[in-house]
Amino acid sequence: MWSLLATITIVGAGAVGGLIPLIKTRLPAKLTGKDLCKRGTPAGDVPIPESLGIVSGCVFVGLATLLSCFMEQHQASMRWGIASIAAMIALGFWDDLHDLRWRHKLLFPPLATIPVLLHYSGVTAVVIPKPVRGLIAESSPLHDILSLIFDVSKHGEIIDLGIIYYVYMGMMAVFCTNAINIYAGINGLEAGQSFVIGLAVVLQNLIQIVRGHDGDQYHYFSLVLMIPFLATTFGLLIHNWYPSKVFVGDTFCYYAGMTFAVAGILGHFSKTLLLFFAPQILNFLYSIPQLFRFVPCPRHRLPKFNPATGNLEPSTVAPDSIKSNMTMLNLFLVIFGPMPEKRLLQLLLAFQAFCCALAFGVRYGLSSLFYDT
Ligand code: UD1
Ligand code: MG
């Protein structure tokens, strides 16, 4: 299997890298976008082919399906997971074609998770962190209240969430897909962040397999899912890296988020996965006032390009406002000052890598304080 995975990596990256130049000229004319961070320069007037995530997505699904034929365990998980990912590719491409409204977009991830949720037959119980257990143990009043809805163990170590666990899994899919899509706007960021998170997931799975963790067949499953994802994302990133020859589209953001959600849910490491998503969580929390319209939210919140200096500057919530759009991209520009697009990309990806490293520290350093590891 290891040599097959190595072959798939090379084939996946090569196929996507080779196919994109051929397919980008054949997409519908409406699937193009202006490079907004180059407005005011000749590069800003050239229409860039959009939604090339459709190429990496299709190659990824094809290779993952092929790999599933060689799996001895978790073959069904892999295939139901692929069904959810394929559904998200189709819905994402539809969104790119028709530029749907936010309330409609929010329906897509729960719809696409249905295959995974129907298949999921694993535990719906969660292990409670040690410091909280006393609060929900048999002697506490909270125990009686929670016991009306859930199955709570005597000493508060475990709560069986039952149907609520399915809601949690659906919410993971909604979060992962949208969180990547709104942490975007400069060349290479959508594919770049997904590549770094993907590397962290692969590392996490390898560590668990090497340690001989009792659930290592789950980690093996998510490793087999993640390898073709990483390879095809790399093929896409080559063309999407600064200066972008193609844009990835919502197609990519959606299926990338769904792939992480499937790997995290069916691989049983959703809490560690959320640690890897720290930049996306920060970006989402900071965005809430604009997402819920307490503060005006323009169609695009990406930074503003200053052709005179060649630097990106924080964009504002309205043309006459001094308040900057509430995204991590603009926050970095507020903190570190205006800088070129490529520099901001490198800084944000370095921050992603730093957060993943920190996540490993928390997972392997601090988790014994909270759980019996
Ligand atoms: C999300 C963000 C929006 C951001 C956009 C950019 C929220 C609520 N929405 O919207 O603020 O402006 O992503 O991706 O936070 N583009 C570039 N350079 C890039 C990537 C994209 O200029 O490197 C522009 C292109 O014009 C491209 C367009 O963004 O056509 C794609 O935007 P789209 O994915 O449709 O935006 P949303 O996902 O709806
Ligand atoms: Mg988008």
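**Before selecting anything**

Residues are numbered from 1 along each chain as its sequence is written, while chains are lettered from A and ligands numbered from 1 in the order in which they are written. As the model is predicted, local features need pLDDT of at least 70 and side-chain atom pairs count only at pLDDT 80 or more, whereas totals for chains, interfaces and linings use all residues.

**The whole chain**

Begin with the C-alpha trace of the protein, which spans about 70 × 50 × 35 Å along its principal axes. The radius of gyration is 21 Å, which agrees with the value near 21 Å for a compact globule of 373 residues; it is taken over C-alpha atoms, and the globule rule is 2.2 Å times the number of residues to the power 0.38. Switching to a cartoon view, you will find 15 helices and seven strands, these being DSSP runs numbered from the N terminus (H or I and at least four residues for helices, E and at least two for strands).

Buried residues make up 42% of the 373 residues, where buried stands for 20 or more other C-beta atoms within 10 Å of a residue's own, exposed for 12 or fewer, and partly exposed for the range in between, with C-beta atoms placed from the backbone. Of the contacts with a separation of 6 or more, 74% are accounted for by residues 24 or more positions apart, a contact being two residues whose C-beta atoms, placed from the backbone, lie within 7 Å.

**Ligand 1**

Select ligand 1 next, together with the 18 residues that surround it, of which the closest are Gly-33, Leu-36, Ile-182, His-300 and Arg-301; a residue is near a molecule if its C-beta atom, placed from the backbone, lies within 6 Å of it. Strand S1 (32-34) and helix H8 (163-182) are the elements that give two or more residues to this shell. Coloured by residue class, the shell divides into seven nonpolar, six polar and five charged residues, with Ala, Val, Leu, Ile, Met, Phe, Trp, Tyr, Cys and Pro counted as nonpolar, Asp, Glu, Lys and Arg as charged, and the others, Gly among them, as polar.

**The largest nonpolar core**

Which residues have the most contacts inside the largest nonpolar core? They are Ile-85, Met-88, Leu-225, Met-258 and Val-262, in a core of 87 residues, where such a core is a set of buried Ala, Val, Leu, Ile, Met, Phe, Trp, Tyr and Cys residues joined through C-beta atoms within 7 Å. Helix H10 (residues 216-240) gives the most to this core, with 13 residues. If you centre on Met-88 and leave aside neighbours within four places in sequence, its contacts are Phe-108, Ala-112, Thr-177, Tyr-254, Tyr-255 and Met-258.

**Two annotated spans**

The unreviewed UniProt entry carries the annotation "transmembrane region" for several ranges, among them 106-128 and 254-278; UniProt positions are given in the numbering used here, feature names are shortened, and annotations may be inferred rather than shown by experiment. Residues 106-128 are 52% helix and 13% strand, with end C-alpha atoms 30 Å apart, and residues 254-278 are 84% helix and 0% strand, with end C-alpha atoms 18 Å apart.

**Backbone details**

Moving to the loop between H10 and helix H11 (249-266), select Pro-243, which is joined to Tyr-242 by a cis peptide bond with omega about -10 degrees. Ser-51, in the loop between strand S2 (47-49) and helix H2 (53-68), has a positive phi of about 70 degrees although it is not a glycine, and it counts as buried because it has 26 C-beta neighbours inside 10 Å. His-74, in the loop between H2 and helix H3 (75-98), also has a positive phi, near 60 degrees, but counts as partly exposed, with 19 C-beta neighbours inside 10 Å.

**Last stops**

Leu-329 lies in helix H14 (residues 328-336) and is buried, with 25 C-beta neighbours inside 10 Å. Its C-alpha atom is separated by 7.0 Å from that of Pro-303, 26 residues apart along the chain, and, not counting residues up to four places away in sequence, Leu-329 touches Gly-185, Ile-186, Leu-302, Pro-303 and Leu-344. Finish at Lys-304 in strand S6 (residues 304-306), where, leaving aside neighbours within four places in sequence, the contacts are Leu-312, Glu-313 and Ser-315.
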